[in-house]
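Dear colleague,

I am passing on the structure we discussed, and below it you will find my notes on what turned up when I went through it. Please read them with the model open beside you.

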Amino acid sequence: MSEMPRKAVSRTARLAALPLSFAGRATLGLGKRLGGRPAEEVAAELQAQTAEQLFATLGKLKGGAMKFGQAMSVFESALPEDVAGPYRAALTKLQESAPAMPTRTVHAVLADDLGADWADRFRSFSDQPSAAASIGQVHRAVWKDGREVAVKIQYPGAGEALLSDLGQLSRLARVLGPLIPGVDIKPLIAELRERVTEELDYRLEAESQQLHAEEFTGDADIVVPRVVAQSGRVLVTEWLEGKPLSQVVSDGTRTERDRAGQLLARFLFAGPSRTGLLHADPHPGNFRLVKTGRTAASWKLGVLDFGTVDRLPGGLPLPIGTSLRLALAGDAAAVHDLLRQENFIRSGITLDPDAVLDYLLPIIEPTRAEQFTFSRDWMRTQAARIADPRSPAYDLGKRLNLPPSYLLIHRVTLSTIGVLCQLGATVRLHEELVRWLPGFAEPEAD
């Protein structure tokens, strides 16, 4: 598939066929079981086939379909191990790959937005894309002043495709939901849809990236490429060399995993404090481990793709850090009151403060210890506890509310934790929270 399918009828048909295929495959599986094949063997085969079809379809469609797949990919750690294997391979394919635009389309967009003489701006330009994502692809080039650059080019029709896909996926939420236990798919899709207009605007992305690049210039831990040029559907930034975090996940050493995890946690909490913006697309394809020296302490985290950000002028909200500190101190009544004040507990809903604290403590365990090793086992345990209808946490979780102002923060935090679990990183999270999260450190005595 060389171009983004742009006709709504064509795209809708591909997505609508998914649940029918799943149902047909389940019927075929029943037949095989009746024929004497072991249920476990048939189930494993169906999982593999379903995963392959789902994410192959999402990847080919690009647009909102692929963006949804990328958003889901960071939750792979929550899948039970007996079904995680097939999905893991299919999900990670979406993090840095997609079918490429034809060269003629690339050149047409460059001519439209940089001018007919666009080639004169470059010493060289590679027609072969170096990376592709949900709404655009990246080409490596050398700018006219000799700097190596990344040229991000938006797919023609990306906006129409994003809205079409996310609308259709919202209608399929009931079918897609069981793929990621413990994650409510419909609000995730709704939130992605709300961000479409902003992400399509490369001018806004350029502003957000340049703000981060300037703030982190000379930083010992974080590096963000500077913006070189932007016009219409084209964004040119400095090229960033480094090992993609997706590769660190798949074959990184223990030292690489731990360093990448520590820096990812640091950026999650330091970014809003230092820039007033929260990078809101934390899948592994958007990060690089940049080895600037021989020792791990000198390695940096390279951060890419600022198309989706949450604007937090005062940094992360004070109630997040305050409620975490109070929960770790075991002050159930104060936590309950603060959650009600922020509308996490709606008016008219009665919850036992001790039960709320029991619900929260396992989830916030990584914030208590001096260091914590994230793992898929830990993530699966949390997901199963919340998703199991027999668990007290299941009923309580359904009665809690997620205020709209916290929705993106919640998704980014959960996604980042998912990546840390994929890395299996040992992270000193507590020290990052003390330094960067408002309200988490003990208040100074008067």
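Predicted model: local features only at pLDDT ≥ 70, side-chain atom pairs only at ≥ 80, totals over all residues.

The strands named here belong to an open sheet of 5 strands, which has the order S1-S2-S3-S6-S5 and antiparallel pairing. Strand S1 (122-132) and strand S5 (227-231) stand at the edges with a single partner strand each, so one side of each is left without a neighbour in the sheet. From one strand to the next, the twist averages 20°.

**The four-stranded sheet**

Another open sheet is formed by 4 strands in the order S4-S10-S9-S7, and here the pairing is mixed. Its edge strands are strand S4 (222-223) and strand S7 (243-244), each of which pairs on one side only. Strand S9 (residues 287-290) pairs with strand S10 (residues 300-303) in the antiparallel sense over 4 bridges, and Arg288 stands opposite Gly302 in S10.

**Two packed helices**

Helix H16 (residues 376-387) packs with H18 at an angle of about 140°, the axes being 8 Å apart, and that angle makes H16 oblique to H18. On the H16 side the contact involves Arg376, Trp378 and Met379, which meet Leu414, Ile417, Gly418, Cys421 and Gln422 in H18. By class, the residues of this contact divide into 5 nonpolar, 2 polar and 1 charged.

**Cavities**

The count comes to 3 cavities of 30 Å³ or more, and the second largest cavity has a volume of about 80 Å³. Which elements give two or more residues to the lining of the second largest cavity? They are helix H12 (254-275), strand S8 (277-279) and helix H18 (404-423), with H12 giving the most, at 5 residues. Among the lining residues are Leu264, Phe267, Leu268, Gly271, Pro272, His279, Phe287, Val412 and Thr416. The lining of this second largest cavity comprises 9 nonpolar and 3 polar residues, with no charged residues.

With best wishes

Key:
Residues numbered from 1 in each chain as written. Heavy atoms only, no water. 1 Å grid on protein atoms, 1.4 Å probe; cavity = no way out; pocket = protein on both sides within 12 Å on 5 of 7 lines; lining within 4 Å. Points joined across faces, edges and corners; volume = space filled by probe spheres on them. Nonpolar A, V, L, I, M, F, W, Y, C, P; charged D, E, K, R; others polar. Axes fitted to C-alpha atoms, helices over the stretch in contact; angles between N-to-C directions. Parallel < 35°, antiparallel > 145°, perpendicular 65-115°, else oblique. Contact = heavy atoms within 4.5 Å. Pairing = 2+ DSSP bridges.
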